[in-house]
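The stops below are meant to be selected in order.

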Amino acid sequence: MRDERTADVVIVGGGVIGCAIARRAARGGLSVVVVERATPGMEASWAAAGMLSPLAEANGPGPFLDLLVRGREIYPDYAAALREETGVDVCYADAGTLFVALREEDDEELCARWRWQSAAGLAVERLSASEAREAEPALSPAVRMALRFPGDHQVDNRALGPALWSAAARAGVRFRLGEQAVRLLRAGNRAAGVELAGGERIHAGAVVLAGGAWAGMIEGLPRPVPVEPVHGQLLALEAVPPMFRHVVDSPRCYLVPRAAGRVIAGATVESTGYRKAVTPWGVRRLIDGAVEIAPALEHAPLAETWSGLRPGTPDGFPILGLDPEVEGLVYATGHFRNGILLAPLTGETVGGLLCGEPWGAEMAPFGIERFREE
Ligand SMILES: Cc1cc2nc3c(=O)[nH]c(=O)nc-3n(C[C@H](O)[C@H](O)[C@H](O)COP(=O)(O)OP(=O)(O)OC[C@H]3O[C@@H](n4cnc5c(N)ncnc54)[C@H](O)[C@@H]3O)c2cc1C
């Protein structure tokens, strides 16, 4: 039996990012330990809405859009592989996304998006009000126009977390659950493992920081990890029979239809530190935004409210790749609003890096050195 206290790689954090990296590294032949202080996949990864939306998320062409699009492209095969490995269906649904204008001031935002996206050759269609309502009859008569992103889809993130956890475990990853990593161990200029809250040490030649909004909160790091919690509240309404096919987005609210008829409405974007509370302010905003898109939702039963902490960064882009000075220290955090979309790609790229594969030039813009103080 392997010694529990040594591994090739120790990963701090068992959200979708940590589990996807663990799965890939273990499939590449490495011995991997994931340290998770609670239950894998139960923080931001559970709270998310599951949209896979590069075109709604990126504000222009560039490396970030390219990353999101690559993340989206590998999803169908990745979801199929997870089902094969674990039997868990992550409910990848490919009906596309409608981005709707409901007020005069929304038109400019949609038109600007349409201009740069069509100039960049992305798959985007411009719909008139009547075409939008034909595509989604439950839309408000106030709808003015819409963009249709036929390639932007969704997945059930509450299934994705368990699927990745299970796939990683089946690939041989060892999970240390209920354990908190408190310190990075170093041997000179090399990462050498982590120390747990009880004092136990797990020795490893590589350490991956994948703790989401908490990724910077361990001692001994060579530099600050500029990740901040960004609170998001959501709620779910029961709409049976299902009211929408597409994910429907507006400048104030998005609606994500789940297969059984549930509609998720999200999400607030708040700086509340590490406090996760569902508030009347948040619920009111979400209900107002949902009913503005689809007035019939006003009478739908309110099924659930919840919230989570996105790992935000100063520029909104993830932090990925090796530390420039401490060998074997790897960052995989800061996925902000796109960690569900980017989990498979982060798993493949960062997991591949751990296995000795090259780190492509397209990943360079996401290194932590971009935050280096002059
Ligand atoms: C309201 C909301 C809506 C969202 N909607 C979408 C969406 O539609 N599409 C999309 O792509 N993304 C969305 N996101 C973003 C996405 O959820 C996150 O980017 C993603 O889940 C981050 O995954 P993670 O594994 O890095 O973090 P998390 O899921 O937060 O996991 C981090 C894990 O690390 C553990 N941990 C931290 N520190 C330690 C330590 N020292 N020791 C041990 N364990 C530790 C925590 O317990 C936790 O389990 C949304 C997020 C929120 C909050």
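The tour goes from confidence to pockets, then to a cavity, aromatic pairs and backbone details.

**Before selecting anything**

This is a predicted model, in which local features need pLDDT of at least 70 and side-chain atom pairs count only at pLDDT 80 or more, while totals for chains, interfaces and linings use all residues. Residues are numbered from 1 along each chain as its sequence is written, and side-chain values use heavy atoms, with hydrogens and water left out.

Colour by pLDDT, the predictor's confidence in each residue, from 0 to 100. The chain average is 96, and 98% of the residues score at least 70. Helices (H or I, at least four residues) and strands (E, at least two) are DSSP runs numbered from the N terminus.

**Stop 1: the largest pocket**

Select E43, A44, S45, L309 and P311, which lie nearest the centre of the largest pocket among its 50 lining residues. A pocket is an open set of points on a 1 Å grid over the protein atoms alone, with protein on both sides within 12 Å along at least five of seven lines; lining residues have an atom within 4 Å of a point. The volume here is about 840 Å³, taken as the space filled by probe spheres set on the points, with grid points joined across faces, edges and corners.

Next, show the elements that give two or more residues to this lining: α1 (16–27), β2 (32–36), α2 (44–47), β12 (228–238), β16 (302–312), β18 (329–333) and α10 (339–354). Which element gives the most to the lining? It is β16, with four residues.

Colour by domain, with bounds from an automatic or database domain assignment. Domain 1 (6–51 + 158–226 + 315–371) and domain 2 (97–146 + 228–312) each contribute at least three residues to the lining of the largest pocket. By class, that lining has 25 nonpolar, 18 polar and seven charged residues. Ala, Val, Leu, Ile, Met, Phe, Trp, Tyr, Cys and Pro count as nonpolar, Asp, Glu, Lys and Arg as charged, and the others, Gly among them, as polar.

**Stop 2: the second largest pocket**

Move to D249, S250, P251, R252 and R337, the residues nearest the centre of the second largest pocket, which is lined by 20 residues. This pocket has a volume of about 380 Å³. At least two lining residues come from each of α3 (54–57), α6 (104–119) and α9 (280–293). The lining divides into nine nonpolar, four polar and seven charged residues.

**Stop 3: a cavity**

A cavity is a set of grid points where a 1.4 Å probe fits but cannot get out. One cavity of 30 Å³ or more is found in the whole structure. To see the lining of the largest cavity, select L67, L320, L342, L345, T346, T349 and M363. Helix α10 supplies the largest share, four residues. Five of the lining residues are nonpolar, two are polar and none is charged.

**Stop 4: aromatic pairs**

The structure holds seven aromatic pairs. Rings of Phe, Tyr and Trp (its six-membered ring) pair if their centres lie within 6.5 Å; planes under 30 degrees apart count as stacked, over 60 as edge-to-face and the rest as tilted.

Select Y75 and Y92: the ring centres are 6.1 Å apart and the planes at 10°, so this pair is stacked. Y75 sits in helix α5 (residues 75–86) and Y92 in the loop between α5 and β4 (97–101), 17 residues apart. Buried means under 20% relative accessible area, exposed over 50%, and partly exposed in between (1.4 Å probe, protein chains only). Y75 is buried at 1%, and Y92 is partly exposed at 24%.

Then select W214 and Y274, a tilted pair with 5.9 Å centre to centre and 35° between the planes. W214 is in the loop between β11 (201–209) and β12, and Y274 in the loop between β15 (262–266) and α9, so the pair ties together parts 60 residues apart in sequence.

Finally, show F64, F317 and F366, which form one aromatic cluster.

**Stop 5: backbone details**

Most residues other than glycine have a negative phi, and most peptide bonds are trans. Select V240 and P241, joined by a cis peptide bond with omega about 0°. Another cis bond joins G266 and A267, with omega about -20°.

C91, not a glycine, has a positive phi of about 55°. It lies in the loop between α5 and β4. End at F336, where phi is near 45°, in the loop between β18 and α10.
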